[in-house]
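Open the model in a viewer and keep the selection panel at hand.

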Amino acid sequence: MSETVGPDSAAWQGSFWLPQNASPMTSGQDALFYFIYSLSVFFFVLVVGFMVFFAWKYRKRKEGESTVDIHGNTKLEIIWSVIPGVLFIVIFIWGFFDWIKLNVVPQGALEVRVVGRKWDWLFIDQKTGAETSDLIVPINVPVRLTMSSADVIHGFYIPDFRINRDVLPNQYTVVWFKAEKAGSYPILCTQYCGTKHSQMVRYVKVLPKEDYDKAMIAAQGAGLTPVELGKKLFAGKGACASCHSVTPDKVRLVGPPLFGTYGEMQNVVHSGGKKETIKFDDNYIRESIVDPNIRVVVGYPPVMPSYQGQLNDKELNALIEYIKSLKK
Amino acid sequence: MEKRDMGKPVLFADMLSSHHDTGSNYLNAKKGFLSWLFTVDHKRIGIMYFVAISVFFLVGGFFALLLRAELMQERIVNATANSYMISADHFNEAFTFHGSIMVFLVIIPSIPATLGNFLLPLMIGAKDVAFPKLNLMSFHIYIVGAIFLVYTIAFGGLDTGWTFYTPYSTETSTSVVAAVFGAFILGFSSILTGLNFIVTVHKMRAPGMTWVRMPLFVWAIYATSVIQVLATPVLAVTLVLVAMERLLGIGIFDSNLGGDPVLFQNFFWFYSHPAVYIMILPAFGVMSELITTHSRKSIFGYKAVAISSIGIAVIGFFVWGHHMFTSGQSALATVFFSFLTYAVAVPTAIKVFSWVATLYKGSISFTTPMCYAFVFLFLFLIGGITGIFLGAISTDVHLHNTYFVVAHFHYVMMGGTLIAWIGAIYHWWPKITGKKYSETWGRISSVVVFLGFNLTFFPQFIMGTRGMPRRYYDYLPEYYNFHVLSTIGSWVLAIGLFIVLFNWLHSIFFGKNESSSNPWKAKTIEWTDTAVVPIEHNFEKQPISTHGPYEFDELVKPVKTGGH
Ligand code: HEM
Ligand SMILES: [Cu+2]
């Protein structure tokens, strides 16, 4: 799927119906799920049982045989309204208490900012400032995610933690979890967001405390050359790799391939429709990141999001250096 | 070149009655294409809807098979948006096309526009609907809207999903405005039909036809019409706002301009949740007719069944927020919506229990319509029960926007409405066409459809609870086996539906003429007071209702004293 495929997930870890639950404290969903499930099986068998039994027992044996004129039975009708009514109230209240648990974040939770965008995630650890594209968290510590989107609505879903929340532009939504088992769990987008909606897959990596600390230091990006930093941004924070290929085979993805293009001439079309041939230089790269749809390479849709305000000068420079380095 | 008969072309529908000696009926009263296209006869209009909707169903179904085929391909590591038989963009367009066609052009009009039109006046002993010309206009509007929608989706590459969520729908480069305009036009067809039916039921009932003597199908169509009239304008307004947002940037939904994208979801579901009852209530009505007639019993709890339709219609307006539990709407609102969702589930449960109880001590024939009624009960039960998982807030959080929801709504909409529709067409087939159909192939089709349906959609429940999101072009390999099962099921289902189609076509072209005007010995007016095939103005003389709709000849009072 995406560039950063997690560990091989061939072996199914969960039960028949549900995936493993690596954050069981978040809510009591699994218990409620199985409660409703048992009731469902019971009532389904009951109703279908009666249906099949009646259908067989009262099948027509001869033409015009008499049947019994029954118009109803008040007692029975009250019983079969009240029993489901009561069960529904129980289920509702149970779901309500779980809902409170889902919404109340425990004290002292680790704070992480989440930005969703077409088509990748960015995680900013609020304490260290480290930016990563997989979510890295310590084990057994509650984590609070404050989420927003840079473009359309996305859905932040971790099946193994039973959390799922929409991620909106210009507005924060919050979820929390406490992972109790080290490992790597997929993060999926549940709100349809366009071409690569299904391929914006990242992972939560739940690590022991020491490993987590190390990972945060590494993620702060100290001591990288501009090209190295650019490469990291390209695959990670910028999510450029989800639309641009950088390999010599120049694979066509959503946007133009970038290998070997630096310094070449390009046919571009202005947002007004005017066509022009320009040199693919530092300025054009910068413009394409900050305000991408002013001039688009001919033959590609004007869909790239703007990174205005999301990348600082150092980062822009690093990206330009990286793109320059993509040649034989 | 081969020599052909150059005579006037014969219409399908003209063929239906070409061999009838019973004299004039609505099918042979006038001839030629235009006599159909500009007819004001509610029966002919019903048939034209039927043909149009069936064509759209075939087109929508083709796209479903395409989607399923893509999903059956073995997953590729590091796949891109072009790794499979169609590209991700085409996949997204295909599910938008499939969903919009099936919802707006097929399921919503299916039963009301075809059988509602055909049967409503006949069942209440009226000559036509209250406003026959308006009725024709509704049909023409439907066709215009449908052509618009199909054209823009097919050639404008719409990729928003049938839900048109903002801000995606205001930003995507595809033809949202045109498609929204198509849906807007269709809304008018729906509103005008609803209005027409409401007035018809109020004003045109035969002498003696009190409200409690109305067949339950009429009750259901009535409740549906009320929802159509009240809810559809909200959809229209919402769609206009989306178009204005795109064209003028007015900023109702755009948060960069101070709008709110979640507001769109509120508007949209304020229509679309009641719309699910527009889809299912007519099917409930059909069920009550099929089960009573083919088991020779009066309905168990007439009033409960009739009034629960109205109850569902009313409460159904206040549960829309259950589509938005994870959207970031207020936590308190979420709690109310969950509660009300359960409140609307109770009357639904009552209906199912009543149908099963109706079978008790009946004389049940396994005719094709009855087989479809059993299929309906089985599938709708699963669909309804899985709604309970979605109505509880915490379990919904895990299931929202996964294949579990996809399976849920296919069980209720296809397993419910569409199955009821097929069963109903079989049931009223002799009245509509004057022909017999093959019972053997009818029964076989119901079994194949039943098996294919479950094979297609049951695995989707398991995928969903295991965390497979919907609208996915690509997915993690652990779901592969379920997708394969589902795709194989889709072929079985398609075969089953083609058997239905061939059975009908065979009946039209080669079927024997029906000789009885009431082969099921039913008690409702459309069977008792018309010829084999109704005449153009329905009745020779004004029918008078003297008994309830389910007072079958076979019924004898219970032996035990003190019965109801
Ligand atoms: C007992 C009855 C029912 C209950 C409790 C119920 C509950 C729900 C809930 C809570 C959802 C939202 C799930 C989510 O998005 O996370 C949902 C989705 C849906 N339901 Fe039902 N439902 C019931 C019956 C029906 C019926 C009768 C129909 C239509 C004939 C229907 C059609 C739909 C559709 C179309 C959706 C999803 C729409 C979408 O997101 O594209 N439901 N249902
Ligand atoms: Cu709903």
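**Stop 1: a helix in chain B**

Select Gly467(B), which comes after helix 15 of chain B and has a positive phi, near 100°. This is a predicted model, in which local features need pLDDT of at least 70, side-chain atom pairs count only at pLDDT 80 or more, and totals for chains, interfaces and linings use all residues. Residues are numbered from 1 along each chain as its sequence is written, chains are lettered from A and ligands numbered from 1 in the order in which they are written, and side-chain values use heavy atoms, with hydrogens and water left out.

**Stop 2: a sheet in chain A**

Go to the open sheet of five strands in chain A, with order 5-11-10-7-8 and mixed pairing (two strands pair if DSSP finds at least two bridges between them). Strand 5 (135-138) and strand 8 (163-167) of chain A are the edges; each has a single partner strand, so one side of each is left without a neighbour in the sheet. Strand 5 pairs with strand 11 (residues 202-207) of chain A in the parallel sense over four bridges. Within strand 11 of chain A, Val204(A) is opposite Leu135(A).

**Stop 3: cavities**

A cavity is a set of points on a 1 Å grid over the protein atoms alone where a 1.4 Å probe fits but cannot get out; lining residues have an atom within 4 Å of a point. Grid points are joined across faces, edges and corners, and a volume is the space filled by probe spheres set on the points. There are nine cavities of 30 Å³ or more.

Select His244(A), Pro256(A), Ser288(A), Pro292(A) and Met304(A), which lie nearest its centre among 35 lining residues. Helix 5 of chain A gives the most to this lining, with four residues.

Last, select Phe104(B), Ile108(B), Pro109(B), Leu186(B) and Ser190(B), nearest the centre of the second largest cavity, which holds about 190 Å³ of space.

Notes: 1 Å grid on protein atoms, 1.4 Å probe; cavity = no way out; pocket = protein on both sides within 12 Å on 5 of 7 lines; lining within 4 Å. Helix = DSSP H or I, 4+ residues; strand = E, 2+ residues; numbered from the N terminus.
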